[in-house]
Amino acid sequence: MLTESRARLALAAVCLGFVMITLDATIVNLALPAIGADFGEPSTAALQWVVDAYTVTLAAFLLTWGAAGDRWGSRHVFEVGVAVFVLASVACALAGDAAWLIAARAVQGAGAAALLPSSLALIVHQFPDARERARALGVWGGMSGVGLAAGPMLGGLAVGLADWRLVFAVNVPVGVVAIVLTRRAVAEPPRHTTTRLDLAGQLTGTASLAGLVAGFIGSGHAGWLAPGTLALLGGGVVAGAVFVAVEKRVGEPVLPLGILKIRNFAVATGIGGLFNFCLYGTLFCLALYLQRAWSLGALAAGLVLVPLTVVIGLNAFFSGRLTGRSGPRVPMVAGALAGLAGSVGFALLPQDRALVPFVVVSVVFGCCSLAMPAMTSLAMNSLPGKAGLAAGVLNASRQTGGAIGVALVGALLPATGMWLVAGGYALVAGLAFAERQSS
């Protein structure tokens, strides 16, 4: 059993590494116009790939790295993930063209995929008491909310005050501190050396996700019926079918399909995918909307998003305490309804740069983060003894949803996209009520 002070230091180390990867999922949003101007790549599709190259590889490798953490040690995999992430961040900051940046972002995503499930597994091991674990997961989830929400604001500040390359360079000192604290305070959970890696599942799953995301992005500028769009979407569907067939046959699949029969885990996984679809899609849409439709600079757009940032962060932390006391049902439902109301508000906003209504709707929408720690707690408690697998599957669903959200919502006009987001949050509310019925 860790001492209380060491447990807190361990939680700080894990959260510090984790906040980097959530921050980098959205921090580039307000830097995208500056990146496009610097590289001469003004198309929305190229800018979407700067975001989705990261989220696609993050989603694609989560399951494999979750199993690797169980086999090789979650602390070791966490440290490797932070190191890869930091090195890829340096490559992003030094990028000379869009292709270089997109490739470096993909490597960043691979490092983040190692870091993310191992961070959850480490928390489960450091806090064996269920109530303390719920609070720790609340802090972890709160840091996720802070990272996701603060990303656009900090990106706008970096571009407005310095240069878009600072967005990536800031990860270097943060990553170094995370590794030092991890070595000092984090205990290594027991290893499961018999765990094997499913390479066939990894390849087919990655191909399916990449094909679908590329198809959604392509639909925005080439149309849904364009041969290239249909080929990518069809290839993604076929690869997905092959993935399912492979997972049914291999001895140790990267995604054991049987765990999706566990009702609460399936609910948490579905909520995770839909939630990130809505949140990532909304943040991407708002970042471009404020700069293109309102003609704001990156710094001004970042300041407009401050209320959204603050509310998401505060509610994510509050949800952790609420989940520890009352369970995940209430915060999941409340977060879903807030997201539904906020997205409807965004869809109905006047197109005349009305700041006050925008801020009011942002505050309502930001309360969606109440669902974030709650869904994580539900998932982790549904698979006792399999923390790496639970974390990998949950976060693979979340990042897959986020990648598709950026690709699909980002390809639509803001008003249309927000109605799609509203539908997503309505489904989240339905799943949350389903969990309540199963309790």
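In the predicted model, S295 sits in the loop that links α11 (263–292) and α12 (298–304). Its phi is near 60°. This is a positive value in a residue other than glycine. S295 counts as exposed, because its relative accessibility of 57% exceeds the 50% cut-off.

A positive phi also occurs just after helix α2, at G40. Here the angle is about 70°. Helix α2 itself covers residues 32–39, and its buried residues are L32, I35, G36 and F39. Viewed down the axis of α2, these buried residues fall within an arc of 100°, so they line one face of the helix.

Helix α1 spans residues 4–26 and contains M20. M20 has a relative accessible area of 2%; it is therefore buried, as the cut-off is 20%. Residues up to four places away in sequence aside, M20 touches V82, F85, L115, N171, V174 and G175. M20 can also be placed relative to L148. The two residues are 128 positions apart in sequence. In space, their C-alpha atoms are 9.6 Å apart.

Contacts across the protein chain can be sorted by sequence separation. Among those between residues at least 6 apart in sequence, 84% join residues at least 24 apart. The secondary structure consists of 18 helices and zero strands.

The overall dimensions of the protein chain were also computed. Along its principal axes, the C-alpha trace spans about 55 × 45 × 45 Å. The radius of gyration is 20 Å. A compact globule of 439 residues would have a value near 22 Å, so the protein chain agrees with that expectation.

Burial and surface were examined for the whole protein chain. Of the 439 residues, 59% are buried. The protein chain carries 25 positive and 17 negative charges. The mean positions of the two sets lie 9 Å apart.

Note on methods
Residues numbered from 1 in each chain as written. Predicted model: local features only at pLDDT ≥ 70, side-chain atom pairs only at ≥ 80, totals over all residues. Heavy atoms only, no water. Buried < 20%, exposed > 50% of the residue type's maximum accessible area, 1.4 Å probe, protein only. Helix = DSSP H or I, 4+ residues; strand = E, 2+ residues; numbered from the N terminus. Arc of directions from axis to C-beta. Rg over C-alpha atoms; globule rule 2.2 N^0.38 Å. Contact = heavy atoms within 4.5 Å. Lys, Arg positive; Asp, Glu negative; His and termini not counted. Charge placed at Lys NZ, Arg CZ, Asp CG, Glu CD.
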